[in-house]
Amino acid sequence: MGDSDQITNAIPGNNTEGNKMLDEKLQWPDSPTSDVSLSHGRITKGLNDVEQRIKEAGEAKYNRLGWKRTTILLIIEAIALGALSIPSAFATLGMVGGIVSSVGIGLLAIYTAYIIGQVKIAYPSVQHYADVGTLMMGRFGYEVFTIMFVLQLIFVTGSHCLTGAIAFRHITESGICSVIFGVVSAIILLLLAIPSSFADMAILGYIDFVSIVAAIGITIVATGIKATNAPGGLSAVDWSPWPQGNPTFAEGFIAINNIIFAYAFATCQLSFMDEMHTPEDYTKSIYALGLLEIVIYTVTGTTIYAFVGPGVQSPALLSAGTVVSRIAFGIALPVIFISGSINTVVAGRLIHSRIYKNSVTRYVNTLKGWTTWLALISIATIISWIIAEAIPFFSDLLSISSALFTSGFSFYLPPVMWFLLLRKGGWCSKENILPCILNGFAFFFGVVVLVGGLYSTIEDIKTNYRNGTVRSPFGCDPV
């Protein structure tokens with residue numbers, strides 16, 4: 001590509017009082033919020049005939065999502081590992097605490113997702129969450145948000161890699177070194193991440209959804225039958241409406257963090273919306289997903305905890321009994337790997353479009369584009385595998401991800417986005433009173449999760465190593 005290549009997708013202005021900082025940035029000669037700075041862009045000049053055809057094919061490839069397929073993508077991202085950790089969180093918090101946390105955090109996640117979507121509608125050039133950092137804090141914000149965004153996605157993929165190793169070990173009942181199962185899981189995650197279009201990934205989403213619903217259903221039925229046939233029946237199960245055994249602050253916060261992780265669909269929302277042919281329909285997707293999550297998580301948590309009691313394991317499939325849990329893990333394999341791979345795709349798309357923002361190579365429909373794409377997702381998958389082996393315990397790995405990243409992407413950053421980019425009029429004006437209260441609560445909740453969650457996770461990891469309850473990093477012991 002020559003010097004004539006341009007990206008000419010400008011950011012619409014918003015002349016509200018809360019947008020003064022953005023207006024000032026737009027006046028800078030090398031403004032990081034100028035039309036050539038966001039990771040999206042549209043290549044419109046300096047193309048020869050071949051490049052023009054590549055561009056047209058690429059634009060068509062990445063503009064095929066309706067709200068239903070977007071909902072499926074959000075389901076792939078969200079309803080997976082989270083559902084498997086919910087029952088153990090209920091066991092720690094008690095039935096009442098678990099239900100309140102599941103429903104309350106779910107409703108808050110829907111609201112903050114609505115705010116995130118409004119930013120995309122107001123600023124169509126935004127492609128990934130990292131671009132919001134550009135709007136809020138200029139080039140510095142873009143770099144910080146990019147690092148956080150990519151790390152969050154890699155951590156989540158690592159969680160799926162770890163879960164895959166647990167599943168294979170449990171299904172085969174083999175003494176093979178756990179690292180080998182981790183490598184196999186990483187290879188599967190890599191292969192499923194090869195498609196670069198979210199519309200193509202959405203096709204796998206139907207398999208993913210059936211897989212997780214079937215696995216959860218089998219686990220619920222199996223634990224219910226097991227509890228019914230046990231001495232004393234269901235009445236003998238030692239579940240409680242309140243926390244039992246005086247859980248520590250760290251244990252309680254890790255349980256809440258695992259529920260928060262289950263609602264971490266906001267991270268990729270902007271990336272998916274950028275492929276929608278009608279982005280304004282995003283509200284249908286987040287409402288459908290959010291309500292579906294609340295129902296699935298609450299039903300899963302209450303029933304399995306009521307059937308198993310405080311001894312419920314994480315992932316919950318381990319509590320279904322030896323034979324049934326092996327079957328459930330087998331059925332859950334598609335969701336483990338499909339849900340994990342989509343995070344690699346999102347991270348790869350951000351990095352790839354940044355490298356080739358002025359080139360048709362960004363569309364991943366040329367030899368050079370495919371070569372670079374495969375290299376990027378391979379590197380991301382290897383890093384995810386390293387994280388899974390370095391932090392080989394399921395609940396704490398989810399908790400780390402929730403504390404460091406989900407706390408921001410889903411909770412304390414959307415209120416800041418509303419204040420700086422969407423607010424109209426004074427923050428204490430009549431029409432802004434309710435939004436101020438909701439956003440203030442979301443911001444406070446997110447900061448508490450960041451600080452308290454990170455402290456609790458570190459303490460729990462130290463305790464687990466001190467008690468010898470987890471295997472060593474890159475070890476061959478059972479996961």
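Modeller: Let's start with the core. The largest nonpolar core has 123 residues. L73, Y129 and V132 have the most contacts inside it.

Colleague: What counts as a nonpolar core?

Modeller: A set of buried Ala, Val, Leu, Ile, Met, Phe, Trp, Tyr and Cys residues, joined through side-chain atoms within 4.5 Å. Buried means under 20% relative accessible area, exposed over 50%, and partly exposed in between, with a 1.4 Å probe and protein chains only.

Colleague: Which helix gives the most to this core?

Modeller: α5, with 19 residues. Helices here are DSSP runs of H or I, at least four residues, numbered from the N terminus.

Colleague: Before we go on, what are the ground rules?

Modeller: This is a predicted model, so local features need pLDDT of at least 70 and side-chain atom pairs count only at pLDDT 80 or more, while totals for chains, interfaces and linings use all residues. Residues are numbered from 1 along each chain as its sequence is written, and side-chain values use heavy atoms, leaving out hydrogens and water.

Colleague: Back to V132. What is it in contact with?

Modeller: Leaving aside neighbours within four places in sequence, V132 is in contact with V119, V126, F145, L270, M417 and L421. Contact means heavy atoms within 4.5 Å.

Colleague: And T146, buried or exposed?

Modeller: T146 counts as buried because its relative accessibility is 10%. It sits in α5, residues 129-172. Not counting residues up to four places away in sequence, T146 touches A130, L350 and R354.

Colleague: Now α11. Where does it bend?

Modeller: At A332, by about 45°. That is the angle between axes fitted to the seven residues ending there and the seven starting there. A proline, P334, follows within four residues.

Colleague: What about the span of α11?

Modeller: It runs over residues 322-355, so its 34 residues should span 50 Å at 1.5 Å a residue. The rule is 1.5 Å times one less than the number of residues. The end C-alpha atoms are 48 Å apart, which agrees.

Colleague: Last one: what is the phi of N246?

Modeller: Positive, about 50°, although N246 is not a glycine. Most residues other than glycine have a negative phi. N246 lies in the loop between α7 and α8, and it is exposed because its relative accessible area is 73%.

How values were computed. Helices (H or I, at least four residues) and strands (E, at least two) are DSSP runs, numbered from the N terminus.
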